[in-house]
Amino acid sequence: MLRVALRPRFLGLLALMIVATIVCGLLAGWQWDRAHRALTDKADGPQQIGDIREVVGVGDAVTNEIVGDIVTVDGRFAVGEQVLVPGRKIEGEDAVIVVTAFLVELEDGTEARLPMARGWLPAEDVTGEDGALDPALAPTAAEGEVRLSGRLEASESASGGVADGVAREIATPLLVNEWGSPMYAGYLALDEAEAPLSALPAAESQFSRGLDWQNIGYSFQWVAFGVFFLYLWWRSVRTAYRDELDDRREEVERLLAEASGVGLRPGPSAGAGPADGAEPAPSADPTDRCAGADHAAGLAPSGAAPSSRPAPQQNPDKDV
């Protein structure tokens, strides 16, 4: 199989597979470095990374490298665009988070919405007499231009909808349908909340907990891809080698079959008479058969002169 592997065609294929393996190795190292750097940064605590417009674009995913870090933003709250997010347990209480749309002016002059988690309230504070949540009981946001600072968090997974000003998650896919676009993919949790709201603790969404392991998983996947390319080359060489063995085996079997057929049907040798003790095969020519009969009777064949050899004389005087 080594001779097959050293052929120019397979050497060229091997070079291509080695290049692909190297590329997979570089990508695996890049994913591993991203995961390690993100974990290292989070171990050092939240970092101040500047204005949100310089950190993440509108609609871009909030990756693990920046989630939980501190950003600043200038703009104003959108009047009438506010929802309550119930079902949270904060400091041992049933909590409701107040989320309000914040308008951020972009470089082209358009305004993008940024969901702003202004803080949380005990659920009883925003529950009406009928036992249902009443968004009208939640405090409204201040008007006018403000500069705010808070933790940049990733959007939560959307599993429900928005009904009567109440949402099940802080999910931008739901809020964009409620408030309109363009909208940032994440949300901002304020460092300091205005009374009667309390500041939110650091988010621990499934996204932020699992992204590091996801990057590590990607690195192992790239390693597996690199190994697969080398296996693909080896499999190609092995298949070609086995095909050639099968062709040779079929050729040998064909030659043996031809040789066996010739041995079973030998032809008579030129000038060779019948074997000892064997009678000559009868002639297929009827004239030959008649000639043989006449010769057996001591007669010359019809139309031929009798033999000139004298017949042997009997000596009556010889003792028998």
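1. Let's start with Glu54, which lies in helix 3 (residues 52-55); helices here are DSSP runs of H or I with at least four residues, strands are E runs of at least two, and both are numbered from the N terminus. Please keep in mind that this is a predicted model, where local features need pLDDT of at least 70, side-chain atom pairs count only at pLDDT 80 or more, and totals for chains, interfaces and linings use all residues. Residues are numbered from 1 along each chain as its sequence is written, and side-chain values use heavy atoms, leaving out hydrogens and water.

2. Glu54 counts as exposed because its relative accessibility is 70% (exposed is over 50%, buried under 20%, partly exposed in between, with a 1.4 Å probe and protein chains only).

3. On the nonpolar side, Met1, Phe228, Tyr231, Leu232 and Trp234 make a surface patch of about 470 Å². Patch residues have over 30% relative accessible area and no salt bridge, with nonpolar side chains (Val, Leu, Ile, Met, Phe, Trp, Tyr) joined within 5 Å and like charges within 9 Å; a salt bridge is a side-chain nitrogen of Lys or Arg within 4 Å of a carboxyl oxygen of Asp or Glu.

4. Tyr231 from that patch sits in helix 5 (residues 206-264). With 38% relative accessibility, Tyr231 is classed as partly exposed.

5. For the overall picture, the protein chain has 6 helices and 8 strands. Of its 320 residues, 31% are buried.

How values were computed
Accessible areas come from the Shrake-Rupley method with a 1.4 Å probe; for residues, only the protein chains shown count as cover.
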